Amino acid sequence: MICTSPVGMTWDTETRRGHLLITLTFLQLIAWSTPFPALTGSGPLYGPNDFVYVLNASTIQNMVFYSDRAWLVEFFSSWCGHCVQFAPVWKQFATDLKEWRSMVMVAGIDCADDLNVGSCREFEIMGYPTLKLFPKNAKRNVTSEGKSVLNTGEVFQRPNSMVLLKNNLIDALIPMFPQTLVAFNESFSKNLLTPKSFWENPEFSNGAQFLLLVYENSDSHAGLEVALRLSNYQKSCRVVRFNEKNPMYLRLSLDGWPAAGYISKDGTFGSLILGNNQDIIDLLTKAVIGLAQITQIEELPWSEVVGETHKGLKGSGGGALENYDNIPSNLEDKVSTEDLLHTVRNLLRNEVGLLQKIDGPKLVALKNFVSILSQYFPSDRREVQVFLVKLSDWIRHQREIENYKYLEKLNDMEAELNPWDIDMNIWYDCRPTVPGRRGYSCGLWRLFHTLTVIGLEKHEDTQILPAIHGYVREFFGCKECAKHFDEMVERDNALQLRSIRDQTHWLWKAHNEVNLRLIGTPSEDPAFPKIKYPSSEHCPECYIINDFDEGKVEEYLLRVYSRPERYMDKMDSDTRRNRKNMNGTASKLSSSSWMGGLFSLADMGIFMMLYFSIVLLLVFAYIHFKVARRRRYDPIFCLHRAWSKILKTSRFF
C-alpha cells in the first residue's frame with residue numbers, strides 16, 4: 001500500500017509538520033527519561049564578567065611564578081559565608097585596579113573545588129579567605145631550613161577598609177617597581193631648574209614624552225595611584241613625585257600642598273588646579289590623558305581578554321542556580337543521607353586533608369571527632385560504618401600524621417569500601433539557589449544536629465558537643481565562623497554540659513543565634529532565608545505565643561534528625577509511581593538498581609530512550625531507502641501519519 005499526501009496539501013507543509021511532531025516527541029522522551037531535576041553544587045563566587053582572574057590547580061603556578069607583574073591571590077571557599085560576604089569587596093577591588101594590570105593582578109582560586117584542594121594544601125592555606133601576595137619575578141622554590149621548598153607567597157593582611165587594602169598593596173609594590181613608584185627628594189632635584197633639564201636627565205623622563213609632577217607628603221598615596229593607573233602608557237607619560245618643594249615648583253607657579261604640574265617634551269608646561277572637594281586621583285589621571293593626547297585602552301573582564309570563560313569553576317558566576325521563585329516556602333524539613341555523606345567526605349578530605357601535619361591539639365580534636373562519627377553517624381550501608389570505625393581506629397594509634405600518610409590511608413580505605421556512593425557534585429536538601437550559599441555549611445549544621453540527636457535518642461551522655469567544638473576550632477576553614485562559634489561556647493561555658501540533652505538544646509539555640517546574625521547578609525540564600533528554627537510552618541506546636549516550647553522542639557529534632565532518608569530512593573520511588581500512572585501498568589522493579597546494582601533507574605531511563613530512538617531511526621531509514629523511489633510516496637508524511645496513530649492510541653504520550 002502506498003501512502004500519499006492528501007489533495008491540497010503540499011509536500012513542504014507536511015514535511016515541516018512531520019519534523020516538528022517528531023522533534024517534540026523526542027524532547028518529551030528526553031524529559032521523561034530524566035528521573036529528577038539537576039541539583040547543582042555551590043557554584044563559583046567570581047564569573048567571566050568580573051575583573052578577578054580565576055586561577056585553578058593547573059594554572060596557578062604558571063601564572064604567579066616568574067611573572068613580570070605581582071599577583072595578589074585570594075584563596076577562598078565557595079561555601080564559606082565570610083568568603084561570600086567578602087566577594088563583592090574583592091570584585092570591586094579588582095574593578096578599581098583594572099588599570100594596574102601591567103603591574104599587579106588580582107586573582108582568586110576556589111579551594112572548595114576538589115581539583116584545587118591539592119594546590120591550596122601546597123600553598124599552606126589554613127583558613128578562608130586568605131590573601132597571598134606573590135612579588136614580581138617570584139621564584140617557584142625557596143630555601144627553608146636548608147631545603148628547597150615551594151614558595152607559598154606572603155600572607156597579605158585583609159583590613160576592613162578598601163582604602164587601606166589599596167594603600168597596603170601600593171606600599172608592597174614600591175620596591176618591585178622603583179622606576180615607576182619611588183619619589184625623588186630635594187637632593188635628587190636641586191639641579192632641575194628648567195623644563196628642559198628634565199629631558200636631559202633620563203632618570204626622570206625614562207623615555208616618556210609627557211611628565212606629571214606631583215608634590216605631596218611622603219605618606220601620601222595619591223601620586224602613586226595615578227602612576228599605577230597610567231602604567232599602561234609609560235612610553236607616553238610618566239608620573240614624577242617629589243616630597244619637597246624644588247626650583248621647578250616655583251617655575252610652574254604652583255601654590256599650596258599637595259600640588260601638581262606638567263611638562264611636555266614639546267616645550268609646554270603649566271600647573272593643574274586641585275579642587276578641595278574633588279577626587280585628586282581621578283582628576284590627575286584624566287588631565288594627563290587629555291593633555292598628553294593618550295588613546296585609552298579599554299579594560300575588559302578576563303573572559304574577554306583571554307577569549308575564554310574562567311576555568312576550574314563550575315557554573316556561571318553570580319547567576320541563579322535554580323528559579324527559587326518556584327520553590328514553595330513550606331518545603332519539608334528533612335535530612336538526606338546523601339548530604340551527610342557529602343559533608344563527612346568534604347571535611348575529611350578538603351579540610352582535615354589541607355594540613356601538612358596533624359599533631360598536638362589538632363590530632364586530639366581529630367581523634368575525638370572521628371570517634372564520635374564512628375559511633376553516631378547514621379550509616380545506612382555497612383561499608384560506611386566499617387570505613388568510619390577503621391579510620392577512627394587507625395587515627396587513635398597515631399602520635400602524629402603526615403599529610404601524605406593520611407591521604408594514602410583515605411585512598412586505600414575508599415578504594416576498599418567505597419563509602420561515598422553519591423554524586424559529589426550535588427547537594428540535595430542543602431542545595432543552593434545562588435552560588436556560594438548553603439551546600440557544605442548547611443550540611444555541617446545538619447551533621448552536628450544529627451550526631452547530638454542520635455546521641456539523645458540512645459540516651460547516652462557522651463561528650464559529642466566538645467568533639468564538635470574541637471573540630472570547628474582546629475579544622476573549619478571559615479576562621480571567622482570558627483571564631484564566633486568558639487566565642488559562643490566560651491560565653492555559655494558549653495563544654496561543661498554533661499547531659500546530651502543539654503548539648504542538643506545548646507546546639508539548637510546556637511544555630512538560631514547564628515541565623516539571627518546572618519539575616520540580610522550576602523551569605524543568605526534568598527530562597528532559604530535565615531529564620532527561627534524550626535519555623536512555625538514546620539512545627540506550629542513548637543511555639544507558645546512568641547517563644548519556643550523546648551519540649552516540643554526536642555520532639556521535632558528527634559523526628560527530623562534521627563532518621564535521615566536517601567533522597568535518591570525517594571526520587572526513584574516517585575518516578576516509578578508517576579510512570580505507573582502514565583502507563584497504567586505497575587512497575588515490577590523491587591529495588592532502585594538493575595543487574596546487581598551496576599545500573600540505576602536513571603541509567604535504565606537513558607537506555608530506553610536510546611532504544612526507542614534507534615528503532616525509530618531504523619524504521620525511517622527503511623521506509624526512505626526501500627520505498628521512496630515511488631513517485632507519489634512521501635516518506636515524511638507517511639511517518640507522520642503512522643506516528644499520529646501511535647500517539648492517539650498510547651496513553652504513555
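Colleague: What makes the pairing of the side chains of Ser78 and Asp110 a polar contact?

Modeller: In this predicted model, the side chains of Ser78 and Asp110 are joined at 3.1 Å. A polar contact needs a pair of N or O atoms within 3.5 Å, so the value of 3.1 Å falls inside the cut-off.

Colleague: Where is Ser78, in terms of helices and strands?

Modeller: Ser78 sits in the loop that runs between strand 2 (70-76) and helix 3 (81-96).

Colleague: Why is Ser78 called buried?

Modeller: Its relative accessible area is 5%. Buried means under 20%, so Ser78 is buried.

Colleague: What does the side chain of Glu524 reach at 2.6 Å?

Modeller: The side chain of Glu524 reaches the backbone nitrogen of Lys530 at that distance. A polar atom of the Glu524 side chain also lies 2.9 Å from the backbone nitrogen of Gly520. Apart from residues up to four places away in sequence, Glu524 touches Arg437, Leu518, Ile519, Pro529 and Lys530.

Colleague: Is Glu524 buried or exposed?

Modeller: Glu524 has a relative accessible area of 16%. The limit for buried is 20%, so Glu524 counts as buried. Glu524 belongs to the loop between helix 21 and strand 14 (543-544).

Colleague: How many residues apart in sequence are Glu524 and Val84?

Modeller: They are 440 residues apart in sequence, while their C-alpha atoms are 9.2 Å apart in space.

Colleague: Why is Pro378 called buried?

Modeller: Pro378 has a relative accessible area of 17%. That is under 20%, therefore Pro378 is buried. Pro378 is in the loop between helix 15 (360-376) and helix 16 (382-396). With neighbours within four places in sequence set aside, Pro378 is in contact with Leu340, Thr450, Ile454 and Pro564. Pro378 and Leu341 are 37 residues apart in sequence, and 9.7 Å separates their C-alpha atoms.

Colleague: Why is helix 10 called oblique to helix 12?

Modeller: The axes of helix 10 (residues 222-229) and helix 12 (residues 280-291) cross at roughly 40 degrees and come within 9 Å. That angle makes helix 10 oblique to helix 12, because only angles under 35 degrees count as roughly parallel and the roughly perpendicular range begins at 65. The crossing of helix 10 and helix 12 is right-handed.

Colleague: Which residues in helix 10 meet residues in helix 12?

Modeller: Ala222, Glu225, Val226 and Arg229 in helix 10 meet Ile281, Asp282, Leu284 and Thr285 in helix 12. In this contact of helix 10 with helix 12, four residues are nonpolar, one is polar and three are charged.

Colleague: Why is Asn137 called partly exposed?

Modeller: Asn137 has a relative accessible area of 46%. Asn137 is in the loop between strand 4 and strand 5 (141-144), and has a positive phi of about 60 degrees although it is not a glycine.

Colleague: What is the phi of Asn493?

Modeller: The phi of Asn493 is near 55 degrees, a positive value in a residue other than glycine. Asn493 is placed in the loop between helix 20 (479-492) and helix 21. Its relative accessibility is 48%, and Asn493 therefore counts as partly exposed.

Colleague: Which peptide bond is cis with omega near -15 degrees?

Modeller: The bond from Tyr128 to Pro129. Pro129 lies in the loop between helix 4 (114-122) and strand 4 (130-134). A cis peptide bond also joins Trp257 and Pro258, with omega about 0 degrees. Pro258 is in the loop between helix 11 (247-251) and strand 10 (259-264).

How values were computed
Residues are numbered from 1 along each chain as its sequence is written. This is a predicted model: local features need pLDDT of at least 70, side-chain atom pairs count only at pLDDT 80 or more; totals for chains, interfaces and linings use all residues. Side-chain values use heavy atoms; hydrogens and water are left out. Axes are lines fitted to C-alpha atoms, for helices over the stretch in contact, and angles run from 0 to 180 degrees between N-to-C directions. Helices (H or I, at least four residues) and strands (E, at least two) are DSSP runs, numbered from the N terminus. Angles under 35 degrees count as roughly parallel, over 145 as roughly antiparallel, 65 to 115 as roughly perpendicular and the rest as oblique. A crossing is left-handed if the near helix is turned anticlockwise from the far one by less than a right angle, and right-handed if clockwise. Contact means heavy atoms within 4.5 Å. Ala, Val, Leu, Ile, Met, Phe, Trp, Tyr, Cys and Pro count as nonpolar, Asp, Glu, Lys and Arg as charged, and the others, Gly among them, as polar. Buried means under 20% relative accessible area, exposed over 50%, partly exposed in between (1.4 Å probe, protein chains only). A polar contact is a pair of N or O atoms within 3.5 Å; within protein, one must be able to donate a hydrogen and the other to accept it, and residues adjacent in sequence count only if both atoms are side-chain atoms.
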